[in-house]
Amino acid sequence: MTCGRCGSTEPCSPTIHVVDDDEAMRHSLAFLLKSLGVAVECHPSAEAFLANHRTDRPGCLVLDVRMPGMSGLELQTLLNRAGSSLSIVFLSGHGDIPMAVEAMRGGAVVFLEKPCNDQLLLDHVAEGLRHSTEACGRAATTTRVRQRLDSLTSRERAVLELVAQGKPNKVIAYELDISIKTVEAHRAHVMEKMAADSVADLTRMLVAAS
Amino acid sequence: MPRGAILIRLGLLALALLCAPLAAGAQPPDLRIGVLAFRGAERAAAEWEPTLRQLTARLPDYRVRAVPLDLAGMAEAVRAGTVDFVITNPGQYVELEAEQGIVRIASLASSGDALRARTVASTVVVRAARQDLRRLADLRDTRLAAVAPEAFGGFRIAWREMAEQGVDPFTQTAGLDFLGFPMEAIVAKVASGEADAGIIRACLLEQMAAESRIRLEDFRILDARMAPGSPCMVSTRAYPDWPFAKLAHTPERLAKRVVLALLSMPGEDDHAWTVPADYQPVHELFRALKIGPYAHLRHRSATEILHDNWPWLAIAVLGALWWVLHVARVEYLVRRRTEELKRAHEEARRQREEMEHGARLALLGEMASSLAHEINQPLAAIANYASGCERRLAAGTDSEGVAEAVHRITGQAERAAAIVKRMRAFVRKRVPEPQPLDLNEPVREALGLFQATAARQGVVVSIRLAGTCPLVRADRVQMEQVVLNLLKNAADAMADQPRRETTIATRPRDDGFVEVTVSDSGPGLSEDARNHLFEPFFTTKPDGLGLGLSLSRSIIEAHGGRLWADESEGGACFRFTIPVASENLP
């Protein structure tokens with residue numbers, strides 16, 4: 001099952017990515033995680049993951065901390081910087097507290113030690129998937145609003161901003177030095193183009209897009 | 001005695017002998033008298049003529065005949081019983097008395113004013129000029145002249161005296177000349193200086209002086225003393241003179257008649273017979289000299305030897321005893337020291353093994369967390385597979401996946417077991433056991449133990465092993481220990497380096513050694529480190545013991561190889577060599 005880009009309007013289903021340098025570990029994790037009924041992909045290193053996958057799709061990384069080459073924490077930093085909505089479950093064979101602290105500060109779902117309780121792992125991965133999906137959903141809304149905003153003319157945009165500020169048509173006509181009739185026409189266009197049912201709806205869209 | 005007179009007497013004797021049977025009218029039996037004729041038959045006949053005459057006169061019913069015999073002939077005649085009586089010297093008499101049982105019936109006496117048993121003694125004479133010779137004891141290392149070894153008056157009497165003074169004439173003189181008769185020749189030899197001393201019968205010297213053939217003052221008599229009942233000076237004690245003896249088979253009656261005839265014989269020419277003398281002194285002489293009947297005394301019994309030499313024997317026995325004890329003690333000490341040495345050796349070996357074992361434990365201890373992680377990996381994988389299976393079984397789906405997972409579980413369990421096995425083999429307590437070995441094998445084992453640490457410390461290991469490595473004779477675990485120690489050192493040295501690379505290589509060399517090299521990209525060795533690298537307890541690591549390299553070197557050297565730090569561009573480079581097993585040399 002493939003997943004569309006986060007923020008795109010295509011249907012979005014998440015993927016679990018297992019990144020571990022140990023083949024047996026990768027395979028066994030994938031075997032376990034498949035019981036969640038979600039697509040699982042395996043990658044032998046952070047670099048391999050980056051090379052094969054766009055980071056802007058929803059999903060959950062099950063990530064080994066220590067690997068030859070790029071470490072798990074380094075990958076986390078990289079994804080955060082890229083604004084990825086992937087959530088991360090860290091798995092470590094020899095984790096220590098500073099490592100765990102750094103991982104959690106970087107927004108990890110959890111930092112688990114190998115071998116870990118299978119239910120705990122599955123729960124956290126599921127949680128990570130949910131988070132990622134939600135984040136991805138949020139991103140899709142923003143994209144949609146931006147697209148609609150882009151379709152507005154400059155006069156419609158100016159009217160939209162004043163409408164969002166809650167100003168009456170009279171005031172808008174006065175401030176823009178146009179007739180009330182013209183304001184009403186623009187306002188109708190804006191509501192139509194933005195697919196907004198009410199001014200409150202419109203205001204929420206603008207907040208999301210900002 | 002003038003020669004004419006002797007002939008006349010012999011003639012008379014022969015006449016008498018011829019007449020006797022005629023007078024008897026029948027052939028009378030022979031009465032044969034063996035006479036010792038040491039100066040020839042002629043002189044013997046002359047000497048004993050009065051005796052024969054007397055016997056012929058008194059025993060007309062016998063044909064009395066003198067049978068002149070020498071010493072050997074006399075002994076033979078007595079043994080064969082071909083004579084009835086013998087006249088011989090005291091020495092032979094004593095011998096025959098002991099051997100053949102002859103019995104003396106009269107002894108020679110001097111027919112002077114008083115009939116007295118005659119005696120025999122010897123005179124040992126030297127030139128008066130020889131001031132150094134005064135006693136018989138002085139005769140040691142001088143040249144001696146005498147009559148014959150068996151001569152009684154002419155040698156044996158003096159021999160006894162000399163022996164008593166501690167001089168053996170046969171072995172302790174410069175020479176012993178036996179000149180035979182006449183004795184005057186001995187005196188002449190002494191006078192001429194050819195002999196230092198001469199043994200002669202008593203009175204000969206005086207007799208010669210009386211005949212003016214010598215001057216008495218030219219000679220000196222050793223140990224001079226007066227012979228009892230004689231005017232002459234002698235050097236020895238006196239012994240009874242010749243006996244007249246009967247043989248064992250001679251009838252008593254005949255003997256009695258002969259004795260009567262002899263005792264009634266008038267003294268003539270100083271020849272007369274008297275009752276038999278005591279020949280004990282002669283026996284004593286023979287006993288003292290261990291000759292004649294006492295020759296057996298020469299073969300001394302063990303008891304006598306023991307008795308005579310007991311201090312020496314005691315010393316010898318003590319010495320032997322001491323020697324035996326000494327040998328036993330030395331043997332005991334050697335055995336004990338050998339035992340102690342063996343024990344000490346064993347103890348040292350045991351301690352070495354303990355130390356090597358300790359070092360292996362420490363080495364593995366330093367890598368414990370890496371190894372734990374390495375074991376943890378398969379265990380975690382197993383746990384994941386098991387959980388996955390559980391879920392699938394609960395859901396009743398994907399039985400194929402379950403089957404594969406179970407298969408994978410087996411593989412992971414084996415993987416964990418292999419790691420544990422490798423570790424146990426490395427730290428097991430054991431006696432080193434050199435065997436033909438491909439050095440690549442312990443290198444691979446060491447790499448197996450090292451790989452977790454390398455992964456954890458981010459060390460990239462390049463492996464360049466020789467395709468074919470000639471076998472060496474070495475202990476597998478010890479080799480593994482050395483290699484692992486070098487790898488661990490390399491990893492530790494590079495802990496703070498951005499680039500962490502180590503290379504391990506094996507290579508057969510042309511000089512009959514296999515070389516193993518471990519190099520790293522670390523900071524290299526300081527001058528100080530290079531100088532003290534192989535000393536025990538030298539370490540640059542904060543938690544190191546400083547035993548690894550010194551122990552490694554002693555292990556390598558015990559295998560006949562060498563371990564050293566080589567120059568290399570950047571980083572350190574350690575090499576060691578092990579000789580190729582002799583049976584594998586090309």
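## Close-up views of a predicted two-chain model

**View 1. Where chain A touches chain B.** The contact draws on 16 residues of chain A and 22 residues of chain B, two residues being in contact if their C-beta atoms, placed from the backbone, lie within 7 Å. On the side of chain A that touches chain B, helix α1 (residues 23–33) gives the most, with seven residues. By class, that side of chain A holds seven nonpolar, five polar and four charged residues. Here Ala, Val, Leu, Ile, Met, Phe, Trp, Tyr, Cys and Pro count as nonpolar, Asp, Glu, Lys and Arg as charged, and the others, Gly among them, as polar. This is a predicted model, in which local features need pLDDT of at least 70, side-chain atom pairs count only at pLDDT 80 or more, and totals for chains, interfaces and linings use all residues. Residues are numbered from 1 along each chain as its sequence is written, and chains are lettered from A in the order in which they are written.

**View 2. The fold of chain A.**

**View 3. Inside chain A.** Of the 210 residues in chain A, 38% are buried, with 20 or more other C-beta atoms within 10 Å of their own. Among contacts in chain A with a separation of 6 or more, 64% join residues 24 or more positions apart.

**View 4. Confidence in chain B.** Chain B averages a pLDDT of 85, and 92% of its residues score at least 70; pLDDT is the predictor's confidence in each residue, from 0 to 100. Take care with residues 19–24 of chain B, where pLDDT stays under 50.

Key. A residue is buried if 20 or more other C-beta atoms lie within 10 Å of its own, exposed if 12 or fewer, and partly exposed in between; C-beta atoms are placed from the backbone. Helices (H or I, at least four residues) and strands (E, at least two) are DSSP runs, numbered from the N terminus.
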